[in-house]
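Have the picture open as you read.

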Amino acid sequence: MRIPSLTLLAVAFVASLPSNAAADKRPNIVFIFSDDHSPNAIGAYNRWLKSVNPTPNIDKLAAQGMVFERSYCTNSICGPVRAVIETGKHSHLNGFRQNGDKFNWDQQTFPKLLQASGYQTVLYGKYHMEGKPQGYDDWVVLPGQGLYYNPDFLTAEGKVRKEGYCTDLVTDMAVEWLREKRDPEKPFMLRVQHKAPHRNWMPALRHLDAYDDVLIPEPPTLFTNHEGQASPSRNQELEIDRHMDPNYDLFVDLTAEFALPASQETQDRSAWANMKRMSPEQMAAWRAHFEPLDKEFHEANLYGEALVRWKHQRYMRNYLACVKGVDESVATMMKTLEELGLAENTIVIYSSDQGFYLGDRGWYDKRWMYEPSFEMPLIVKWPGVTAPGSRNYDLVQNLDYASTFLDVAGVEIPSDLQGRSLVPLLKGEKPEKWRDAIYYHYFEYPSVHMVARHRGVRTDRFKLMHFYQFDEWEFYDLEADPQEQRSQYDNPVYAAEVAKLKERLEALRVEYGDETDISPRSAEWREKVRRKEVKE
Ligand code: SGN
Ligand code: CA
């Protein structure tokens with residue numbers, strides 16, 4: 001008997017299928033990712049900002065899906081979080097330890113693997129990893145931090161300037177791709193990545209007055225003295241009081257020549273650095289909004305705690321107005337998926353690169369392993385899989401995203417990935433051996449905001465942090481002290497627990513292969529760094 005050739009067999013097989021069965025029905029993934037959006041500023045997380053109802057649309061997504069209550073990043077800073085997502089490997093292995101590093105795009109990434117398996121892969125917006133993205137069928141990205149108004153974008157063909165507000169422009173590109181550019185026969189992974197609500201907090205004109213009449217709640221730790229912590233907590237530069245600049249950060253008009261500060265240097269550190277990008281019409285609307293508020297501020301002549309409170313209100317109003325733009329983007333994406341009949345087979349994920357201090361501990365910015373900047377929002381709607389309104393309390397990380405996406409697509413997860421697929425958790429299953437501790441390592445010091453390097457471990461209840469350049473430790477019982485106000489590192493009551501966590505930290509270091517030099521630096525080096533005489 002003659003055996004038919006493989007080609008003939010394949011033709012016969014395809015011909016025997018119903019006409020549309022050739023289409024690949026694996027789930028689509030829409031990954032909406034913002035920059036510096038704290039879970040505290042998401043209604044669904046039920047935290048201290050909930051009363052201002054900051055995110056009705058993200059909350060709707062949460063009501064239809066699963067909210068991860070214990071989601072943490074590996075290294076609380078933009079580029080590194082993204083590199084971990086791309087590779088599923090910790091910073092010390094993927095090579096992107098701190099902002100300013102360059103990502104090596106030649107390495108294995110999850111979009112490359114998805115693409116090879118037949119997914120369409122698309123990336124729009126902030127990526128912050130330098131270089132030409134690989135593994136994407138289409139990409140249009142912001143250079144570096146990107147700008148809020150009339151930003152430049154990088155494309156495969158070169159740089160283009162787009163007129164409008166950044167969050168809207170990124171959403172529009174994603175919508176246009178879904179409506180007009182997608183191949184309906186193939187599944188897709190679409191990344192919609194916003195600059196907002198990153199510093200300098202510039203809302204869309206339509207949202208400028210969104211919170212004018214709202215008294216924003218204050219976090220319980222707006223006024224703390226950091227006496228209960230190791231020295232790095234007192235020697236940072238991210239306090240609302242001492243480091244948040246009313247003009248550069250809050251757009252308060254402090255000069256007679258607001259529109260054009262005298263020197264290049266003063267321009268760069270003034271509101272002008274960001275406002276100069278606006279069109280005359282945009283700038284007129286912007287100034288019309290802030291002028292009466294600035295007048296009131298100057299007349300009030302505030303100082304001390306009253307000034308901190310005022311700065312906090314202004315900061316939060318602008319930040320939350322930026323969040324509003326992102327929240328609208330989520331609504332637009334969900335509506336578009338509905339209209340195109342894609343909602344049922346599309347997983348929608350909302351996340352952000354790290355948490356953020358919204359006055360917590362008296363601070364803004366991120367970087368630390370303390371909860372407000374260590375956590376990452378993570379909300380997932382997977383129709384037919386995530387139970388509507390469900391909550392998960394397992395320890396999860398950005399390290400897990402790559403494995404999760406591959407698992408969703410039925411692609412084999414390479415053995416060198418360090419995260420774990422969240423698919424069982426999304427299904428509501430409780431895997432027998434889920435991780436019981438999280439490993440953290442932050443590398444960027446000395447640098448902007450002056451947060452010392454540290455590594456650490458967090459379990460369900462305890463946290464150990466090691467500021468190794470300074471040879472100082474902190475330890476917290478998160479049940480007894482959820483705001484991490486007083487380190488118990490030297491408290492004999494916790495001695496056994498501290499010893500256990502030190503062992504755990506070492507075991508995780510070995511497991512993840514982190515060979516970073518963690519020897520303490522000399523007293524002389526520490527002093528020089530603090531006097532700004534050393535840059536690394
Ligand atoms: C800029 C910001 C910092 C911020 C870093 C990192 N300064 O340097 O406030 O910590 O980015 O942010 S700014 O004057 O440019 O606003 S990150 O999101 O990229 O990690
Ligand atoms: Ca960020």
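## Charged pairs and a ligand

In this predicted model, the side chains of Lys366 and Asp365 come together in a salt bridge, with 3.7 Å from N to O. Are these two buried or exposed? Lys366 has a relative accessibility of 4%, so it counts as buried, and Asp365 is buried too, at 5%.

Ligand 1 is surrounded by 17 residues, and Asp365 and Arg367 are among the closest, along with Gln145, Tyr248 and His449. Sorted by class, that shell holds 8 charged, 6 polar and 3 nonpolar residues.

| Residue | Distance to a ligand 1 oxygen |
|---|---|
| Tyr248 | 2.3 Å |
| Lys366 | 2.8 Å |
| His128 | 3.3 Å |

On its own, ligand 1 would expose 460 Å², and the protein buries 87% of that.

Glu484 and Lys463 meet at 2.6 Å, N to O. This pair links distant parts of the chain, 21 residues apart: Lys463 is in strand 15, while Glu484 is in the loop between strand 16 and helix 14. Both Glu484 and Lys463 are buried.

Glu497 and Lys500 meet at 3.8 Å, N to O. They sit 3 residues apart in helix 14, so about one helical turn separates them. Lys500 has 51% relative accessibility, which means it counts as exposed.

Technical notes
Residues numbered from 1 in each chain as written. Chains lettered and ligands numbered in written order. Predicted model: local features only at pLDDT ≥ 70, side-chain atom pairs only at ≥ 80, totals over all residues. Heavy atoms only, no water. Near = heavy atom within 4 Å. Polar contact = N/O pair within 3.5 Å; in protein donor to acceptor, adjacent residues only side chain to side chain. Areas by Shrake-Rupley, 256 points an atom, 1.4 Å probe, with all protein chains shown as cover. Nonpolar A, V, L, I, M, F, W, Y, C, P; charged D, E, K, R; others polar. Salt bridge = Lys/Arg side-chain N within 4 Å of Asp/Glu carboxyl O. Buried < 20%, exposed > 50% of the residue type's maximum accessible area, 1.4 Å probe, protein only. Helix = DSSP H or I, 4+ residues; strand = E, 2+ residues; numbered from the N terminus.
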